[in-house]
Every structure is written in C-alpha cells, then in structure tokens.
Amino acid sequence: MSTRVLSVRGTLPEHRHRQEEITESLTGMLAGGTADRGVVERLHRNVCVETRHTALPLREYARLGDFGRANDAFIRVGTELGGRAVVEALKDAGLAPADVDCIVSCTVTGLAVPSLEARVAAEIGLRPDVVRLPLVGLGCVAGAAGLARLHDLLRGRPDGVAVLMSVELCSLTLQRDDASVANIVAGGLFGDGAAAVVAVGPEHPLAHSEDPAQPLVLASRSRLYPDSERAMGWDVGPGGLRIVLDASVPDLVRRYVGGDVRDFLADHGLTADDIGWYVAHPGGPKVLRALQDALGVGRDALGVTWESLRRIGNLSSASVLHVMADTLAERPPRPGSHGLMLAMGPGFCSELVLLRAPGGAA
C-alpha cells in the first residue's frame, strides 16, 4: 500500500546573511568576545555554507539573555513559519486546512506545550478533530522519519489527508558562553527554516496522479545503532540546549549506512542500481562525503543536497524536506524510477524511505 506525496514546500525566515556576517557576529558574542577569531573563521569556512537564514536579525541574538527568552522567540517565530509552510503546501496540493485528517510535527530546537502543530491548528483553521502526532527529539533524522510516519498513519486511513510540518530554529540554541569546537561548528553549519509535506492515502481521490513530481512512498526503515548515544544530540543545562556533536559521526555513517541500504533495498527486490535519485539530508561536508562512500556514488548523485547546504545550511529535520522540494522542482525524477530518502540523527540513528516516481514501469 503506497502513500502519494502531493506537495512539498520549504519556507525560510526573511533574515538572510552571508556566512562572513554570521561569523563576525558570532565571534563577538562567544565567551564574552574572547573566542579566537581565526579558529571561528576556519571552522566556518570548512562547513561549505555560503548563506543562511535566521529567525531574528543578527543584532538581537546578543540581547536574548536566557533560555526562556530564546524559547519564547522559538514559539513565536516557529508558529508563524510552520503555519506558512503548511498553508502553502496545502494550496499547492489544491487542499484547505479543513481537509487535513492528521498532522505530524517535528522539531528539536525548542520546547512548546501545547506543541507547535496545536498552535498552528488554531492559527490556520485545522479541524477540531485533527489527529496530532508531535515528534520531539529525533533531530536531523525527523524529516525522513516524519514522512515515514505519514505513510504509517495513512495505511490505517487510506482515504485520508496527512501533513508533516517541520520547524527548526537552530540559531536560537546558540550557547554564547561556550567556545567549544562543537558549538563553533554548529554556529557555522546550522540555519533556520521550516517545511511541510502533504500526502494522501491510496483511496483518496487525489492519489491517482501520474505527475512524477508527486512521488509514492512505498516503504521505510528505522535503524538505531549501538553504543552511539553521545555522537549527536543536546545536553540540557541552565543556558538551554547545548550541542553534542562528536567527530565519530562520519565513521558511523561509513560503518553502517551502506549495509542498511543494501538490506533495505534487497527486501523490496531492488539493488543500488535501481535507485535513480537520492534525497539526502545535508549533515555537513564530512558526513556527505561519508554518505557518498557508503552508497558508492559520486558527488553529483547528491548534488541537490550539496547545493542546499551551500545555500541555506543544515536546517536539522527541515533540511531533507527542502532537498526533496528542490529535487522535485529542479531535477524531476524519471517516470517509474525509484528514489531513496536518507537522514541520520541523534541516537545515533538513520531513517530510509523508499520512493517511486509515478508513470513508466512499476
């Protein structure tokens, strides 16, 4: 039983900056301005990011003060940005908020209770009986995992409409008292943004399009790797969410992901030669090179991902959905071809999603 993706829409805050501007601002804030400028500049150059968007103007970050004020900004901006992504994705699909039966939300860059999709529901007019599933704590993997959960939900409601909403405001997690390499790298790599996916079950009237830009979700697989809890995540302290980002992440990708992909594809009668397009999360240059090695592909196979990293940085869970939107718009898959979505995140874990473009041979 397959799920039809009708639309994917990425949205970004209005504040756009060159990497050099962010580097200068960050160097002045970190550890009371005592961070080594040369180290910050070198680490920021190495992440291959040229421009990013931020939830707030750069000058406002030094005035945030504490985690409470940063989290208030997360709720305010996140609700607006996430709601806009959902409304635009629904409009692209020819649907209205009242048509939505289920909404899955994902975020890891702030805390909100009620969760963000509940706040968005009130703002855009989702039905009172909409089924909500907030995913918190999955980090970068949540964009792919969220699409997989849409597929799971629609298997139980084959005539339904489901929406995935991802909101990540990574800039609001910056720890100004922390001059560690992990915090500096995060300050150069991660950007802010949101994304939304609209999907329908196989019995919905809109499920029968032959448009290759409306792919089918065929299957998914989740993997949790042993002894890797400290590879990626957050430590929660008085200042809020402090990044955990270990140098072992590329090695974990090389060790596990290639075998996972081969096994997953084999279970569906496929090999790597059957995959015509990839939708990969832009974890960073070292992770992307490790992923290319694991998959046995060249840089061009992940070209849309590399371009997304250059243009907007790593948006945590929203990134792979931006890559999906860019792929469908700029490199429409060949009818009948299979695609593979991949993302990794805290755990350490991965999520694989098997896709197929409509038309052509099944």
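How much space lies in the second largest pocket? In this predicted model, the answer is about 450 Å³. Its lining is made up of 32 residues, and Cys-170, Ser-171, Thr-173, Ala-186 and Phe-190 are the closest to the centre. Helix H1 (19-29) gives the largest share of this lining, four residues, while strand S3 (51-54), H6, strand S9 (232-237) and strand S10 (240-245) are among the other elements that each supply at least two. By class, the lining of the second largest pocket divides into 17 nonpolar, 13 polar and two charged residues.

The largest pocket holds about 600 Å³ of space. Of the 27 residues lining the largest pocket, Val-185, Leu-189, Leu-245, Asp-246 and Lys-286 lie nearest its centre. Helix H2 (37-46), helix H6 (181-189), helix H7 (249-266) and helix H8 (285-295) each contribute at least two residues to this lining, which comprises 18 nonpolar, five polar and four charged residues.

Turning to the sheet, nine strands are arranged in the order S5-S4-S6-S7-S1-S8-S13-S12-S11, forming an open sheet with mixed pairing. Strand S5 (131-136) and strand S11 (275-280) are the edge strands, each pairing on one side only. Within the sheet, strand S1 (residues 3-11) pairs with strand S7 (residues 192-200) in the antiparallel sense over seven bridges, and Val-8 stands opposite Val-197 in S7. Helix H10 (residues 317-330) packs on the sheet and touches several strands, including S1, S7 and S11; its direction makes about 140 degrees with that of S11. Helix H4 (residues 116-124) lies across strand S4 (102-107), S5 and strand S6 (161-169), and runs at about 115 degrees to S6.

Key. Residues numbered from 1 in each chain as written. Predicted model: local features only at pLDDT ≥ 70, side-chain atom pairs only at ≥ 80, totals over all residues. Heavy atoms only, no water. Pairing = 2+ DSSP bridges. Contact = heavy atoms within 4.5 Å. Axes fitted to C-alpha atoms, helices over the stretch in contact; angles between N-to-C directions. 1 Å grid on protein atoms, 1.4 Å probe; cavity = no way out; pocket = protein on both sides within 12 Å on 5 of 7 lines; lining within 4 Å. Points joined across faces, edges and corners; volume = space filled by probe spheres on them. Nonpolar A, V, L, I, M, F, W, Y, C, P; charged D, E, K, R; others polar.
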